[in-house]
Amino acid sequence: MKTTLPSAPAALPPRTGKSTTGPDPKSQRSEVRLLAGLGHIALAVWAVIVIVPILWTFLAAFKNTSEIFSSPWTLPAELRWENFSRAWTKAHVGRYFVNSVIVVGCSTFATMLLGSMAAYVLARYKFWGNRAVYYLFVSGLAFPVFLALVPLFFVVKNLGLLDTHTGVILVYTAYSLPFTVFFLAAFFRTLPSSVAEAGMIDGCSHTRLFFQVMVPMAKPGLISVAIFNIIGQWAQYQLPLVLLSNAKDKWVLTQGIADISVNAGYEADWSGLFAALTIAILPMIIVYAVFQRQIQSGLTSGAVK
């Protein structure tokens, strides 16, 4: 009996090194390079738009009025530190600066204390109405400040807090709470539950667990939100303009600089105006530069669970 052996399979064509399916890796890398290049160009343009006016303000703070208008883009002939002393004393920027430090410091402390406690409870505890309370806080982010200026004026007036720092501090705190709760609630959800459970087993009360265990773990997020609140409250103008209109000795820095800018048109003291602007800008730049790493780590830690 004759048997037939199975025929050998046909030889496969040699590989050419290119995949017939899927995108080409070279084209993907070229697209990534193109997008990265466009992103770098956009960031460079944005940096120029932001940095150039600030540098021009710093240079103008050391010039006199004639130099500001005759040679605005040149270096000052000499460093005129008397512009800063004149702005600090004659224009009362020193008093406005201290008022801003008091108001922003107290309101930021109250915001972080109340906002962190509210965010922790909303993020870690389940109770009836939890989501409703959370969305009530978050809805404050969509409410423009200028829509509430008139009713806010009468509320503060009826409380007897008009033209006082206490009234401004309470309003700053109320308007900063929505963002603080929104950010910190997401951050507290990323913290491990095992640490909180271990603390409760060891006999920690809810208050002690929050202040001694959870707050140190949430330090990066707390620092990030605190810096954002400080910058936002430091640059606030509408609220103090309405709530401190009749108490010039209690004005904050933004009101004082606005008053200097109005008077500069009559007294021609533009160098004093730019010196005052420099005094107002420098603290925020220093704060951001010092806590830059904490801000970045807080943002990234809250985004990754």
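Which residue forms a salt bridge with arginine 80, and how far apart are the closest N and O atoms? The partner is glutamate 67, with the closest N and O atoms 2.6 Å apart, where a salt bridge is a side-chain nitrogen of Lys or Arg within 4 Å of a carboxyl oxygen of Asp or Glu. Arginine 80 lies in the loop between α2 (65-70) and α3 (82-89) and glutamate 67 in helix α2, so the pair ties together parts that are 13 residues apart in sequence; helices here are DSSP runs of H or I with at least four residues, numbered from the N terminus.

The model is predicted, so that local features need pLDDT of at least 70 and side-chain atom pairs count only at pLDDT 80 or more, while totals for chains, interfaces and linings use all residues. Residues are numbered from 1 along each chain as its sequence is written, and side-chain values use heavy atoms, with hydrogens and water left out.

Elsewhere, aspartate 259 forms a salt bridge with lysine 248, the closest N and O atoms lying 3.8 Å apart. This pair links distant parts of the chain, with aspartate 259 in helix α12 (residues 253-267) and lysine 248 in the loop between α11 (238-243) and α12, 11 residues apart. Aspartate 259 is partly exposed at 22% relative accessibility, and lysine 248 is partly exposed at 40%.

How values were computed: Helices (H or I, at least four residues) and strands (E, at least two) are DSSP runs, numbered from the N terminus. Buried means under 20% relative accessible area, exposed over 50%, partly exposed in between (1.4 Å probe, protein chains only).
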